[in-house]
Amino acid sequence: MAAGGSYSIVEYFGGDDGYRCGYCKHEKGNFSHGMWSHTMTVQDYQDLIDRGWRRSGKYVYKPIMNKTCCPQYTIRCHALNFHPSKTHKKTLKRVNKFLSKGEMPVERCDEGHEGEPMNSVHEEGVRPPPEDPLKIDHSEIQDITTSLDTESSDSTPREDAAPAPAEKTSNVTAKPGKGADPNRPLCRKAKDIRKEKRLQKEQLKQQETVSSSPSPAPSKSSSNQPKSLEEFITEYLPNDPLHRLEVRLVRSSPPSPQFKASFDASYQVYKLYQMAIHKDPPDKPTESQFKRFLCDSPLEAETAPDGPDVGYGSFHQQYWLDGRIVAVGVLDILPSCVSSVYLYYHPDFSSLSLGTYSALREIAFTRQLHQQSPKLAYYYLGFYVHSCPKMRYKGQYRPSDLLCPETYAWVSIERCISRLEISVYSRLTENAQAGDALALKDLGRALVLHRRTVMPYAAYARKRKGSNDEKEVEQYASLVGQSCAERILLYRA
């Protein structure tokens, strides 16, 4: 449970059917487990992506690695130790040359770096559950560990339940003053008022959060030290360039005023990108599709004393050229990383290699956030797909690691390539004795939400004698791991 008292709440969908693969175009070769996330804390999502999960809108999915046609390995870059390659330096020089002199390259130089296809999972068939059972205030959710359920004499003794975080008791105490005087307004919780004030302050910051220049580069200890990424980003830029590029960070969920004001302009760029780069027909990239996959997010807006000034959650990083949006990076800012969700740009500027350029800017942004929050040190690029040559470019941002699909340990990409050349699916961890440190050990402690009551699965199973969902719940809990299973609420109708 998050510090603010919120739970993550999900509905699990399983993953028995095959869908069209966005990489190799196999009609039924893409297999993944999926769940609809009604709400999710940033720490829970951080832990899920460290087990191979990834979100598209509010749909969170995990490829079935030993079954799917194109195995997708989670990849992360060590942002603090990153040094741009020759190709990266050429891209930065090309963009800066355009900004300073207006010289546009004739040909695209990052062909094949377009990023994830929108149909890389079976997203087109994914819709929100038919009825939302969770349109309730979190304070109304009871916890069986602090509130006995009087409906059944078979309630679980406290020692059988998952341990409750210390702050949980405040969620189930009576609300003083509520309804005492019908002529007076209802009492509001202090934490809700504080959260609202934090978000208002944060939204005011966002207009000037990320300027056209990244944070000043650290001073060099010696003249022989290579230039930093930040220095390459600003190299050759005069004080009065011909074109002005400004990078703005706006919160997309909940949408900030800046996000709302630029929504239509951003959507139009997305539509042009999908039609030109991914060859979508004009009626496919609709506004509702754009909202569903790139604007909606289950992540809560959170702040922490040791977190970055902008807070955690989902954002759009907008690239404004001479007063108009030319590219947008969809990002999640999490406790340990900046996670790239998607990138789209205006096709007129495709020769500037904006896919590469934005990734370099996002790495620099990660380093900037690290100065405010030391544990935030990684840049996640989504999935690395070795079987798809067009997706191998993600391995060029080094040093980087791939996530082992069996042990969920990180392995340096240099040690993985030879294995993936032999087989598209591979256990990347070399130690044959190593296992999943967070493997499911006690299904009974997994939390479920049933009739607005939080309870461990053991108590739920006793209440629902004859229930036949144990296999499904066990599969879900195994995939999210013991720790997440004990924190995330699995909705049970």
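A salt bridge, as I use the term today, is a side-chain nitrogen of Lys or Arg within 4 Å of a carboxyl oxygen of Asp or Glu. Arg427 forms one with Glu406, and the closest N and O atoms there are 3.2 Å apart. Arg427 sits in the loop between α9 (413-422) and β14 (447-450), while Glu406 sits in the loop between β12 (400-403) and β13 (410-412), so the pair ties together parts that are 21 residues apart in sequence; helices (H or I, at least four residues) and strands (E, at least two) are DSSP runs, numbered from the N terminus.

Please keep in mind that this is a predicted model, in which local features need pLDDT of at least 70 and side-chain atom pairs count only at pLDDT 80 or more, whereas totals for chains, interfaces and linings use all residues. Residues are numbered from 1 along each chain as its sequence is written, and side-chain values use heavy atoms, with hydrogens and water left out.

The structure holds 20 salt bridges. One of them joins the side chains of Arg367 and Glu230 at 2.9 Å, N to O; this pair links distant parts of the chain, with Arg367 in helix α8 (residues 354-372) and Glu230 in helix α4 (residues 229-234), 137 residues apart. Both Arg367 and Glu230 are buried, where buried means under 20% relative accessible area, exposed over 50%, and partly exposed in between (1.4 Å probe, protein chains only).

Asp306 and Lys375 also meet through their side chains, at 3.8 Å, N to O. Asp306 counts as partly exposed because its relative accessibility is 42%.
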